[in-house]
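Please look over the structure below before reading these notes. They are meant for someone who has not seen it before.

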Amino acid sequence: MAEKILVIEDEQKIADFLKRGLIYEGFQVQVARDGETGLASARDQLPDLVILDVMLPGLDGLEVCRRLRAGGSTPILMLTAKDSVADRVKGLDSGADDYLAKPFAFEELLARVRALLRRVRPNEETIFRFADVVLNVATRQVTRGARKIELTTKEFDLLHYFMRNPRQVLTREQIYERIWGYDFEGESNILDVYIRYLRSKLELNNEPRVLQTTRGVGYALREE
Ligand code: CA
């Protein structure tokens with residue numbers, strides 16, 4: 001059964017971004033736009049995980065977090081406005097299990113969500129295979145055949161996104177939103193640059209190409 005995630009976030013753009021991405025990943029998603037509504041939803045719906053924004057109208061996120069924590073052990077991922085140590089300490093003090101500073105890319109959030117859910121349900125799939133490429137989410141290791149491949153965080157997230165959606169064309173827009181975030185604006189060739197990096201690492205020994213270009217649309221993980 002799909003895991004239920006409650007998103008407590010007043011900012012429409014971010015709430016929509018989270019809802020769209022999480023539904024795409026197979027979660028059930030409910031959004032509350034303020035703290036009181038969020039607390040009521042948490043009581044009624046018993047979500048498997050709560051994503052909670054710190055800056056909320058009315059009851060702020062820290063207070064919501066304290067009250068949620070007093071009522072149970074549902075994992076809480078807190079979204080903070082800035083990555084300051086003080087904010088982080090306040091969030092963790094109020095009982096959050098993890099926190100993420102805005103702005104963030106969807107893949108970053110998804111990795112945190114899955115890690116928190118794994119603590120509760122340790123059997124979730126962590127190893128992805130495509131052809132001779134193996135990606136382990138838990139250890140963040142990637143191999144091709146017997147060869148270990150060192151990837152940066154963004155390269156890993158990008159490959160992980162492809163490995164979860166094999167043989168599907170992922171559009172440039174989808175990839176930008178997932179890997180670079182909802183605040184990523186404008187024309188850019190950064191994606192093409194990263195695809196080049198990934199290909200050069202994946203094809204170091206002249207192995208067959210697995211990341212294919214669909215001209216004008218995007219890229220797909222596919223054998224030639
Ligand atoms: Ca907010």
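The numbered points below go through the model by region.

1. This is a predicted model, in which local features need pLDDT of at least 70 and side-chain atom pairs count only at pLDDT 80 or more, while totals for chains, interfaces and linings use all residues. Residues are numbered from 1 along each chain as its sequence is written, and side-chain values use heavy atoms, with hydrogens and water left out.

2. On terms: helices (H or I, at least four residues) and strands (E, at least two) are DSSP runs, numbered from the N terminus. A residue is buried under 20% relative accessible area, exposed over 50% and partly exposed in between, using a 1.4 Å probe and protein chains only.

3. Strand β4 (residues 76-80) is mostly covered, with 5 of its 5 residues buried. On one side of β4 lie Ile76, Met78 and Thr80, and on the other Leu77 and Leu79; both faces are covered.

4. β4 has parallel partners in strand β3 (residues 49-53), over 4 bridges, and in strand β5 (residues 98-101), also over 4 bridges. Two strands count as paired if DSSP finds at least two bridges between them. Leucine 79 of β4 is the bridge partner of aspartate 53. The path from β3 to β4 runs through α3, and this β-α-β crossover is right-handed (with the strands pointing away from the viewer, the path from the first strand over the helix to the second runs clockwise). Leucine 79 also stands opposite leucine 100 in β5.

5. Which residues line the largest pocket? They are Leu39, Ala42, Arg43, Leu46, Pro47, Val50, Arg67, Leu68, Gly71, Gly72, Thr74 and Ile76. A pocket here is an open set of points on a 1 Å grid over the protein atoms alone, with protein on both sides within 12 Å along at least five of seven lines; lining residues have an atom within 4 Å of a point. The space in the largest pocket is about 200 Å³, where a volume is the space filled by probe spheres set on the points, and grid points are joined across faces, edges and corners. Helices α2 (35-45) and α3 (61-71) each supply at least two residues of the lining.

6. The lining of the largest pocket has 7 nonpolar, 3 polar and 2 charged residues. Here Ala, Val, Leu, Ile, Met, Phe, Trp, Tyr, Cys and Pro count as nonpolar, Asp, Glu, Lys and Arg as charged, and the others, Gly among them, as polar.

7. The search of the whole structure finds 1 cavity of 30 Å³ or more, a cavity being a set of grid points where a 1.4 Å probe fits but cannot get out. About 50 Å³ of space lies in the largest cavity. Its lining consists of Glu107, Leu110, Ala111, Arg114, Val137, Arg140, Asp157, His160 and Arg164. α5 (106-120) gives the most to this lining, with 4 residues. By class, the cavity lining has 3 nonpolar, 1 polar and 5 charged residues.

8. Helix α6 (residues 153-164) is mostly covered, with 10 of its 12 residues buried. Among them are Asp157, His160 and Arg164, which also line the largest cavity. From first C-alpha to last, α6 reaches 16 Å, close to the 16 Å expected at 1.5 Å a residue; the expected span is 1.5 Å times one less than the number of residues.

9. Helix α8 (residues 190-202) has 13 residues and should span 18 Å at 1.5 Å a residue, which agrees with the 18 Å between its end C-alpha atoms. Its buried residues include Leu191, Tyr194, Leu198 and Leu202.

10. Some backbone details deserve a check. The peptide bond from lysine 102 to proline 103 is cis, with omega near -5°, and proline 103 lies in the loop between β5 and α5. Arginine 140 has a positive phi of about 55° although it is not a glycine. Arginine 140 lies in the loop between β7 (133-136) and β8 (141-144), and counts as partly exposed because its relative accessibility is 38%.

11. Arginine 167, likewise not a glycine, has a positive phi of about 65°. Its place is the loop between α6 and β10 (169-171). Is arginine 167 buried or exposed? It is exposed, because its relative accessible area is 53%.

12. Glutamate 36 lies in helix α2 and counts as partly exposed, at 44% relative accessibility. The C-alpha atoms of glutamate 36 and leucine 59 are separated by 6.7 Å, although these residues are 23 residues apart along the chain.
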